[in-house]
Amino acid sequence: METDHPYFRRRTPEEILQTITESTRGQLKLYIGAAPGVGKSYKMLQDAADLKKEGKDVVIGFIETHGRAETEAQLKDLEQVPLKIMNYKGKKFYELNVEGIIERKPDIVLVDELAHTNITGSINSKRYEDVALILDAGIDVLSAVNIQHLESVNDIVQHITGVKVRERVPDTFVQKAAEIQLIDVTPEALRKRLREGKIYAPVKIEKSLTHFFTTTNLSALRELALREIANDVDERIEQISGDLQHGPIGVNEKILVCIHYGPTAEKLIRRGWRMAHRLKAELYILNITSERLSHADHVREQKIKEWKMLAEQFNATLIFEEQQNRKPAAVIIEVAKKYNVTQILLGQSARTRWEEIRKGSIVNMIMRETTNIDIHIVADGR
């Protein structure tokens, strides 16, 4: 009997293959903290010991103890897959042995420092990509990462701490975790641990206390971590409860981020994704060029490379439009109407008051020529 009901619909070979792949893929559990030293690795090792007592085949792929006695004490009863030795510029480096782990095929493997950048010559450039291969092989992974390494909060963390975090993990990878556990410690307790030498070597303590590990920084990072985990919990409850049976909230929302070759482009893209993610909206990224890209212009080429990388991470559509004697606002309006955009993100205008009077305000023109579109102006420092 033929029927259009989705439950009885004959599935395509591709859909069947996807179901089989998902059922055989390993599961990822992530331990997230607000800062180094909160106890992510320690808790991960505790859980690994409990899983071993339950009869699970658990091994260590990579653990960074930072010389902490409590963490090192947890290692003794767990098998460790030997690290892979890599030679680079006459020096030896020790990286995660992906091939060795897959060949060993345990039930569960521990892989610390998820945001780590691998040495040149490794299979992948990033450790999270190594973890993806291990998961694809059907092996469960326990891993850990600090909140400042999430791609979308990079600009927020830099604004809070003054530190630009270069090792980052795509939010889309983190969202695939079957379980996320927050390892929470108060700023006061964390600073006490730092003073006692339980986080860094003695030579780093004083500088850390007055720079990254200030009470203000740690409080802000803790709040950021708590908020991100709360959002994750809300989404999981929403999926389980079936509240999305009529479609996700904001399914018709479409966000357009307008960028140029200035220093704030990546900030705008990340801000746009955070909005799109919370609204479950589609994300579009628009760049308007007044002339064709010159292959000799390495700055522009590098910018476009970064934009494409972020667009891929955030599952966004990247659009390039030639200005062709049109005002920038006219191009934005045309693109917004074409894609049925509901919200537009713009950076602060670099135009002076006189230029706005003479050439017209981009925001005012968009408002005049469109309806039912919200416009957000993002400050340079945000």
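This is a predicted model: local features need pLDDT of at least 70, side-chain atom pairs count only at pLDDT 80 or more; totals for chains, interfaces and linings use all residues.

1. Asp57 forms a salt bridge with Arg104, and the closest N and O atoms are 2.8 Å apart. This pair links distant parts of the chain: Asp57 sits in the loop between helix H2 (40-53) and strand S2 (58-62), while Arg104 belongs to helix H4 (residues 98-104), 47 residues apart. Arg104 is also partly exposed, at a relative accessible area of 30%.

2. Arg326 takes part in a salt bridge with Glu334, with 2.7 Å between the closest N and O atoms. Arg326 also meets the side chain of Glu321 in a salt bridge, at 3.7 Å from N to O. Arg326 is partly exposed, its relative accessible area being 21%. Glu334 counts as partly exposed too, at 43% relative accessibility.

3. Lys29, Lys43, Asp47 and Glu179 are joined in a network of salt bridges. The structure holds 20 salt bridges.

4. Which side chain of opposite charge is nearest to Asp112, a buried residue with no salt bridge? It is Lys40, 6.4 Å away.

5. Asp112 lies in the loop between strand S6 (108-111) and helix H5 (127-136). The side chain of Asp112 reaches the backbone nitrogen of Glu64 at 3.3 Å. Setting aside neighbours within four places in sequence, Asp112 is in contact with residues including Ser41, Met44, Phe62 and Arg127.

How values were computed:
Residues are numbered from 1 along each chain as its sequence is written. Side-chain values use heavy atoms; hydrogens and water are left out. Helices (H or I, at least four residues) and strands (E, at least two) are DSSP runs, numbered from the N terminus. Buried means under 20% relative accessible area, exposed over 50%, partly exposed in between (1.4 Å probe, protein chains only). Lys and Arg count as positive and Asp and Glu as negative; His and the chain ends are not counted. A salt bridge is a side-chain nitrogen of Lys or Arg within 4 Å of a carboxyl oxygen of Asp or Glu. A polar contact is a pair of N or O atoms within 3.5 Å; within protein, one must be able to donate a hydrogen and the other to accept it, and residues adjacent in sequence count only if both atoms are side-chain atoms. Contact means heavy atoms within 4.5 Å.
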